[in-house]
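Take a moment with the structure first.

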2 protein chains.
Amino acid sequence: MSAAEPRLTAPGRRTRERIVETAAELMFRKGVAGTSIPDIQQAAGVSASQIYHYFKDKQGLVRAVIEYRTEQALVHQRPLLEALDSFEGLRAWSDSVVAIQDGRGCAGGCEVGSLASELAESCPETRTALAASFERWEEPIRVGLVRLRGRGKLRADADPHDLATVLLAALQGGLLLTQVRRTSHPLRTALDGALAYIATFAT
Amino acid sequence: MSAAEPRLTAPGRRTRERIVETAAELMFRKGVAGTSIPDIQQAAGVSASQIYHYFKDKQGLVRAVIEYRTEQALVHQRPLLEALDSFEGLRAWSDSVVAIQDGRGCAGGCEVGSLASELAESCPETRTALAASFERWEEPIRVGLVRLRGRGKLRADADPHDLATVLLAALQGGLLLTQVRRTSHPLRTALDGALAYIATFAT
């Protein structure tokens, strides 16, 4: 989304990507405030002027990290997110989200949710980037539910917009509780509750 | 919960309280990593040695902040949290949570949730303190639901433990989305969904 990106040469693009990936990893482990530009310089093997060239300032880099994390998660889950137009698809996605947390010992939480919590009050541009990220998550859920309703599987009074918000909130809240409690039970329970609620609108 | 607390004199207790309140305010605005001991010293008008005397290290102070935020929120909401044993009580609590966010322009999110997201990976003692804080939130919800079931208003197959987790996750996820989107709609929608799901177990 960086305005500079289209004009980059291939090596420039690779350098930019390396900076973003390194920053994302450090910010995930140590928080945004706990990650300095010198930390990123050292870990990515670049100069401060390169970082400022590509991102203008730390907030610019943070927004690139938000976009990178969002893109990464969406690409990884794309096949599941494109199949949210059936109750089986919703269940498969939910199972996969729980399995991912189990696979990492329930540590780390949601990469984007953690950034959101830390950065929501930092500056309007960053908050807007976070809102856009959550919208990109909510959209495939909503699209799936619209299709489900369109095929007559959900009642006409089911609101795909609100039901998608219920499911996304269950995901975020469940991930936070799972991270703190180090068991996927809260995530599983929260998603099960949201899916069961959606199922109350089944025809 | 500090082992030192019972032995404090009245002025000592007041100093300790001032440090915790100041640290809580700074950490809420700038994050834990963005709040240094010198920042707290200056804002609270105390010396570094006073801070280390009461809290041993920054992690100790952070745990005192978690406890303070939890206590503060629970005291403030006590009358509502003690009345979660009816559908009207659940609704009243939910309305009040939404009204609080509306009252602050949907900024800030959950004080404990924000700390949790930033600190869940910091050290085991702090993670344990966060888990204890969420447990203190979940407990009155669970107790209300147990009573509701005991009075025959919820079916016997309703699990108050899981339903309380569903509601707490909806609260946390809804607060995060509300903070990022600057509208209480996601919080209201998430809580409505959780309450409607609980109501599916009504007799």
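## Where chain B meets chain A

Between chain B and chain A there are twelve residue pairs in polar contact, counting pairs with both residues at pLDDT 80 or more. Keep in mind that this is a predicted model.

Which helices of chain B each bring at least two residues to the side that touches chain A? They are helix 6 (111-119), helix 7 (124-150), helix 8 (160-181) and helix 9 (185-199). Helix 8 of chain B gives the most, with 14 residues. Sorted by kind, the residues on this side of chain B come out as 18 nonpolar, 14 polar and seven charged.

Salt bridges turn up here too: four of them run between chain B and chain A. One of the pairs joined by a salt bridge is E138(B) with R181(A), at 3.2 Å from N to O.

Here's the contact in numbers:

| Item | Value |
|---|---|
| Residues from chain B in the contact | 39 residues |
| Residues from chain A in the contact | 39 residues |
| Area buried between chain B and chain A | about 3,200 Å² |
| Part of that area from carbon and sulfur atoms | 66% |

Of the area that chain B buries against chain A, E121(B), V180(B) and R181(B) supply 19%, more than any other three residues.

Now for the core. The largest nonpolar core has 125 residues, and L61(A) and L61(B) touch the most other members. Leaving aside residues up to four places away in sequence, L61(B) touches I19(B), V20(B), A23(B), I37(B), I40(B), I51(B) and F55(B).

Methods. Residues numbered from 1 in each chain as written. Chains lettered and ligands numbered in written order. Predicted model: local features only at pLDDT ≥ 70, side-chain atom pairs only at ≥ 80, totals over all residues. Heavy atoms only, no water. Core = buried A, V, L, I, M, F, W, Y, C linked by side-chain atoms within 4.5 Å. Buried < 20%, exposed > 50% of the residue type's maximum accessible area, 1.4 Å probe, protein only. Contact = heavy atoms within 4.5 Å. Buried area = accessible area lost by both parts, 1.4 Å probe. Salt bridge = Lys/Arg side-chain N within 4 Å of Asp/Glu carboxyl O. Polar contact = N/O pair within 3.5 Å; in protein donor to acceptor, adjacent residues only side chain to side chain. Helix = DSSP H or I, 4+ residues; strand = E, 2+ residues; numbered from the N terminus. Nonpolar A, V, L, I, M, F, W, Y, C, P; charged D, E, K, R; others polar.
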